[in-house]
Amino acid sequence: TITFKLRSGVKWHDGTPFTSDDVAFSALEVWKKYHSRGRSTFANVTAIETPDPLTAVFRLSEPAPYLLSALDSIESQIVPRHLYADTDILSNPHNTRPVGTGPFRYRDWQRGEYIVLERNPDYWDQPKPYLDRLILRIVPDPSSATAALETEEIQILPTSSFSDVARLQKIPYIEIGRLSPGALSGLSAFEFNLDREPFKDPRVRQAFAHAIDRDFIRDHIYYGFAQTAYSAIPPDMTAFYTENIEKYPFDLKKAEALLDAAGYKPDANGVRLSITHDPAPTGEVFMRTAEYLRDALGKIGVKVDIRSQDFAGFIRRAYTDRDFDTIGYGAGAGPDPVIGTQRFYWSKNFQKGVAFSNGSHYDNPEVDKLLLAAQVEIDPQKRRDIYAKFQQIVAVDIPKIPLVTLTVLTFSNKRVRQFATTPFGPFDNFASVYVLPS
C-alpha cells in the first residue's frame, strides 16, 4: 500500500472541495482505462481506499517502484469526480472547458486562435499566482511563432525550429534554455504497421534500419540538438540504457541484400516496395524527417508517399482505423520505462483508440514477460538487467526504428522570470512566474 495525505483547503475551480474521491476516480476510471501510459503504470493498482476526504490509500497487487514518478500534474491529471462520474469520459464537455485546482482557471477558448486562463483567487499557495492571466496563442506555423517572439508579441515559446536557434541566440532580450532530460526523456521514431504484409518480415524492417543515416537526421534536421538513438530506451535514461544491442549501421548494400533475401526484387523502374508514410503533425522536424526518409529509402528501391493531416486525423488513422503503413513521431520514454517505453511494446497495450500506444501491434511473449517482471522488481541492478535483455530483443525484432533522442529547448523573453524552475519548464503550472517591467 501507499498512503497519500492530501493538502487541506484545496478547491476545484467551481468551488467544490478537492478530496480523495477525486483521486480514486481518476486513477481507476480514467488513468487505468484511457491513458496510453497509465494502462501499464497503474496496472498493479487494484483498489484505492478513501477512509476520509484527505486520505487516499493505493492498494497494489505487486510492488510498483516507478509509481511515484507517474504522479505529477503533467503525467497523471486528477479530474473532478463530481463532473465526470456517470458520463462518457472521452466526450465529457469539461474536456474542452476544464475545471482544475491549479493557479489559473479556464476563461475562454477560441478554436485555432487562443486559450485564455485567468488567475485563480482561491489557489491554495497564496499569494501565488503572480500573473493576472495567461493567453495561450495557437500558432501552427513555426516561423510565425518565432517571429512573434522576436517582436515581443509573445513572451514564451515552448519550442521552435532548431534552424532558428543560431539566430535567436544573437538577440539580447531572448533567453534559450535546455530542460533536464530526466522528466521528459524521449525518442523520435519510425514505426511499422506489423499487420501489413511487407513488415511482417523482420528482414524488411532491418533493411529500412540499415538505409537510414541517423547522423544525418541529427545534424541536418535537428541541427545537432539531439543524439543518435539505437535503443528503445534513450541513453539519457542511464539507469536502464544499454549499448549492447544490434544497431544497424548505415549500409545501403546490406539493406538491399536484406530486401533481396525477403523476396522484394526491384522492378523495371527499380521499385521494390511502395508505402505511405504518415508523419505526426506535431512539429516541422517530423515532416522534414519524412522528406529525408523518402529520399533515403528511395535509394534502396522503396517508394514513399508522404501523407499529411491534422493531429486528430493522424491519431484516428494510426490508433483507431489503423490505416497506415508507417508513422513517424516523437514521444516520451521516461522517466521510467514502465511509464514511457512499455506502452509501445507490451502486447496488451494494443488498444484501438488509445493514442501513442502499441500502434505497431507488436506481440512477443518473451518481451511481455520481461516487461511485467521489470514492473515489480525492486532491486535496481536486477531491473537494469531485465531492461537490457528487453532492449536486445526489440532491437532485433525492430517494430519501430529509434532515430534520435529529443532535446527540449525553451525560448523566452528575459523579462519573464521563474517559468522553467522544474524539469517540466513551460509545461508546468506557471504559479511562480512573474514579468519584470519593460
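Predicted model: local features only at pLDDT ≥ 70, side-chain atom pairs only at ≥ 80, totals over all residues.
## A first look around the model

**Salt bridges**

Arg59 has a partner: Glu49 forms a salt bridge with it, and the closest N and O atoms are 2.5 Å apart. The two sit in strand S3 (Arg59) and strand S2 (Glu49), so this pair ties together parts that are 10 residues apart in sequence. Strands and helices here are DSSP runs (E, at least two residues, for strands; H or I, at least four, for helices), numbered from the N terminus.

Another one of them joins the side chains of Arg37 and Glu75, at 2.8 Å from N to O. Here the pair links distant parts of the chain, 38 residues apart: Arg37 is in the loop between H1 and H2, and Glu75 in the loop between S3 and H3.

Then there's Glu153 with Arg137, where the closest N and O atoms are 3.0 Å apart. Glu153 lies in the loop between helix H4 (142-150) and strand S7 (156-157), and Arg137 lies in strand S6, so this bridge ties together parts 16 residues apart in sequence. Salt bridges can also share partners, and that joins Arg196, Asp278, Arg307, Arg317, Asp323 and Asp325 into one network.

Helix H1 covers residues 20-34. Its 15 residues should span 21 Å at 1.5 Å a residue, and its end C-alpha atoms are 20 Å apart, which agrees. (The expected span is 1.5 Å times one less than the number of residues.) H1 has a kink of about 35°, centred on Ser26; that bend is the angle between axes fitted to the seven residues ending there and the seven starting there.

Which residues of H1 are buried? They are Ser20, Asp22, Val23, Ala24, Phe25, Ser26, Ala27, Val30 and Trp31. Their cover includes helix H2 (38-41), strand S2 (45-52), strand S3 (55-60) and helix H3 (81-84).

Helix H7 (residues 202-210) is mostly covered, with 7 of its 9 residues buried: Val204, Arg205, Gln206, Ala207, Phe208, Ala209 and His210.

**The loop between S5 and S6**

This loop has a few things to show. A cis peptide bond joins Gln126 and Pro127, with omega about 10°, and Pro127 lies in the loop between S5 and S6. The bond from Lys128 to Pro129 is cis too, with omega near -5°, and Pro129 lies in that loop as well.

Tyr130 is found between strand S5 (114-119) and strand S6 (133-137) too. With Tyr434 and Leu436, Tyr130 forms a nonpolar patch on the surface, with about 270 Å² of accessible area together. Accessible areas come from the Shrake-Rupley method with a 1.4 Å probe, and for residues only the protein chains shown count as cover. Patch residues have over 30% relative accessible area and no salt bridge; nonpolar side chains (Val, Leu, Ile, Met, Phe, Trp, Tyr) are joined within 5 Å, like charges within 9 Å.

**A few more residues**

Tyr248, in the loop between helix H8 (214-221) and helix H9 (252-261), has a positive phi of about 55° although it isn't a glycine. Phe430 also has a positive phi, near 65°, and is found in the loop between strand S15 (416-417) and strand S16 (434-435).

Ile386 is found in helix H14 (residues 380-397). Leaving aside neighbours within four places in sequence, Ile386 is in contact (heavy atoms within 4.5 Å) with Leu370, Ala373, Ala374 and Glu377.

| Residue | Relative accessible area and class |
|---|---|
| Tyr248 | 5%, buried |
| Glu75 | 11%, buried |
| Phe430 | 14%, buried |
| Ile386 | 16%, buried |
| Arg137 | 40%, partly exposed |
| Tyr130 | 41%, partly exposed |

How values were computed: Residues numbered from 1 in each chain as written. Heavy atoms only, no water. Buried < 20%, exposed > 50% of the residue type's maximum accessible area, 1.4 Å probe, protein only. Salt bridge = Lys/Arg side-chain N within 4 Å of Asp/Glu carboxyl O.
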